[in-house]
Amino acid sequence: MKNNQCPPMKYRRQLLFLPLCVWVVAACAPATAPAPDLAAEKRALLQRDKEWQAAVSEKKDVAKIVSYFASDGVMFGSGEPTDDNQEALTRAVAGLVADPSFKDQWSWSRVELSPDGRLAYLIGTTDITASDASGHPVSNHARLLNVWRKDPDGVWRCVVDVWVDTPPAGT
């Protein structure tokens, strides 16, 4: 074959078939999801947490407060029982908000999201006031850890809510 001649017919068919094969392979390859906007996810999570804190402060709607937990959510604090289902969470929240002394204010010092933007953990502190057995208000400053998950419906929900007493001074 000379340089200025077209390839023989059998080769031209193969050359035309090659782009078709590349296109089919590309079309059948699994689609990759775009990388999540972690800054936007962090803002959405913190907004959801802010709304949760407002609902807790209002102490009016137990169902609303519990709705911030995932269906498999768990809550416990130092010396407290573990509330690990919706019924137990509802009972615990109802008991807290019924206490006239109850207050809970928290803040975060660290917020970390997983690379896929579906899980997060938040570390901070909480100031909880509740009545003791004799009805007197008792305040406690504690360390706080929350784990959140973005559920399939796109809503952030708390999976783990744990607070632990701070160690005694000097330890």
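Colleague: I am looking at Tyr-121. Where is it found?

Modeller: Tyr-121 is found in strand S3, which covers residues 119-131. Keep in mind that this is a predicted model.

Colleague: Is Tyr-121 buried, partly exposed or exposed?

Modeller: The general idea is to look at relative accessible area: under 20% is buried, over 50% is exposed, and partly exposed is in between. Tyr-121 has a relative accessibility of 31%, so Tyr-121 counts as partly exposed. Ile-123 is also in strand S3, and its relative accessibility is 31%, so Ile-123 counts as partly exposed too.

Colleague: Which residues form a nonpolar patch on the surface?

Modeller: Tyr-121 and Ile-123 form the patch with Leu-145, and together they have about 210 Å² of accessible area.

Colleague: What does Ile-123 touch, not counting residues up to four places away in sequence?

Modeller: With those left out, Ile-123 touches Trp-108, Ser-109, Arg-110, Leu-144 and Leu-145.

Colleague: Now for the rings. How many aromatic pairs are there?

Modeller: Here the general idea is that two rings pair if their centres lie within 6.5 Å. By this rule there are four aromatic pairs.

Colleague: How are the rings of Trp-52 and Tyr-68 placed: stacked or edge-to-face?

Modeller: Read the angle between the planes: under 30 degrees counts as stacked, and over 60 as edge-to-face. For Trp-52 and Tyr-68 the centres are 6.0 Å apart and the planes are at 15°, so this pair is stacked.

Colleague: Which parts of the chain does that pair link?

Modeller: Trp-52 is in helix H2 (residues 38-58), while Tyr-68 is in the loop between helix H3 (62-66) and strand S1 (69-77). The two residues are 16 residues apart, and both Trp-52 and Tyr-68 are buried.

Colleague: And what about the rings of Trp-52 and Trp-148?

Modeller: Their centres are 5.4 Å apart and their planes are at 85°, so the pair is edge-to-face. Because Trp-52 lies in helix H2 and Trp-148 in strand S4 (residues 137-150), the pair ties together parts that are 96 residues apart in sequence.

Colleague: Are these two tryptophans, Trp-52 and Trp-148, buried or exposed?

Modeller: Trp-52 is buried, with a relative accessible area of 4%. Trp-148 is buried as well, with a relative accessible area of 0%.

Colleague: Which residues do ring pairs link into a cluster?

Modeller: The cluster holds Trp-52, Tyr-68, Phe-69, Trp-106 and Trp-148.

Methods: Residues are numbered from 1 along each chain as its sequence is written. This is a predicted model: local features need pLDDT of at least 70, side-chain atom pairs count only at pLDDT 80 or more; totals for chains, interfaces and linings use all residues. Side-chain values use heavy atoms; hydrogens and water are left out. Helices (H or I, at least four residues) and strands (E, at least two) are DSSP runs, numbered from the N terminus. Buried means under 20% relative accessible area, exposed over 50%, partly exposed in between (1.4 Å probe, protein chains only). Patches are made of residues with over 30% relative accessible area and no salt bridge: like charges are joined within 9 Å, nonpolar side chains (Val, Leu, Ile, Met, Phe, Trp, Tyr) within 5 Å. Accessible areas come from the Shrake-Rupley method with a 1.4 Å probe; for residues, only the protein chains shown count as cover. A salt bridge is a side-chain nitrogen of Lys or Arg within 4 Å of a carboxyl oxygen of Asp or Glu. Contact means heavy atoms within 4.5 Å.
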